Amino acid sequence: MKQYAQPIRFGIATSGCLIAYFLILSLFNLHTNIFFSLFNGVITGFGIYEAIKYFKLKNPDSFDYGKGFTAGLVTGFVATLVFTIFFAFYSTELNGMFLEQLSTAWFNDYKSFEGIVFFTVAIMGFATSLVLTLSFMQLFKTSRNLKRKLVNHP
């Protein structure tokens, strides 16, 4: 469990940034514009990158692909889970009209629109976490290629 403490902390910090970004957008009434949610991937990506980088710096001798991948995935999943819970709370308790503003056409056509939106937010976060973790691990993994000796030719 000790190996998950640091990624969980990074995940909570990342979710805090996601929540802060969402609330800042809501101050300017831009939180209903789906285009701005693309920046969530940048925030999540930065959190995952920093978690893997810190994990490698803290444990250079025992760092391997599996441990780095786990650190990134836990960070992203914790951030997604906390943000999804906040998003559900915000859209049902704090701003009941938010989902209707988000998509008036969908709200009228689907009876369980809230569930669809919450599920979509969670799936997008999990998928982003997986893809970004796989991408960043390409930067942090140690190479297993054989080192070639340079031969001096006269």
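How many helices and strands does the protein chain have? The protein chain has six helices and zero strands, helices (H or I, at least four residues) and strands (E, at least two) being DSSP runs numbered from the N terminus. From the N terminus on, the order of elements is α-α-α-α-α-α. The model is predicted, so that local features need pLDDT of at least 70 and side-chain atom pairs count only at pLDDT 80 or more, while totals for chains, interfaces and linings use all residues. Residues are numbered from 1 along each chain as its sequence is written, and side-chain values use heavy atoms, with hydrogens and water left out. Of the 154 residues of the protein chain, 36% count as buried (buried, under 20% relative accessible area; exposed, over 50%; partly exposed, in between; 1.4 Å probe, protein chains only).

Two packed helices are described by the angle between their axes and the distance between the axes. For helix H1 (residues 2–27) and helix H3 (residues 65–94), the axes come within 7 Å and cross at roughly 40°. Axes are lines fitted to C-alpha atoms, for helices over the stretch in contact, with angles from 0 to 180 degrees between N-to-C directions. The crossing of H1 and H3 is right-handed (near helix turned clockwise from the far one by less than a right angle; left-handed if anticlockwise). The contact of H1 with H3 comprises 18 nonpolar, six polar and no charged residues, where Ala, Val, Leu, Ile, Met, Phe, Trp, Tyr, Cys and Pro count as nonpolar, Asp, Glu, Lys and Arg as charged, and the others, Gly among them, as polar.

A nonpolar surface patch is formed by Ile24, Leu27, Phe28 and Leu30, with about 440 Å² of accessible area together. Patches are made of residues with over 30% relative accessible area and no salt bridge, nonpolar side chains (Val, Leu, Ile, Met, Phe, Trp, Tyr) being joined within 5 Å and like charges within 9 Å; accessible areas come from the Shrake-Rupley method with a 1.4 Å probe, and for residues only the protein chains shown count as cover. Leucine 30 is placed in the loop between H1 and H2 and counts as partly exposed because its relative accessibility is 32%.

One salt bridge is found in a search of the whole structure (side-chain nitrogen of Lys or Arg within 4 Å of a carboxyl oxygen of Asp or Glu). Glutamate 50 forms a salt bridge with lysine 53, the closest N and O atoms being 3.5 Å apart. Because glutamate 50 and lysine 53 are three residues apart in helix H2 (residues 38–58), about one helical turn separates them.

Phenylalanine 126 belongs to helix H6 (residues 113–140) and, at 26% relative accessibility, is partly exposed. Between phenylalanine 126 and leucine 73, 53 residues apart in sequence, the C-alpha to C-alpha distance is 8.5 Å.
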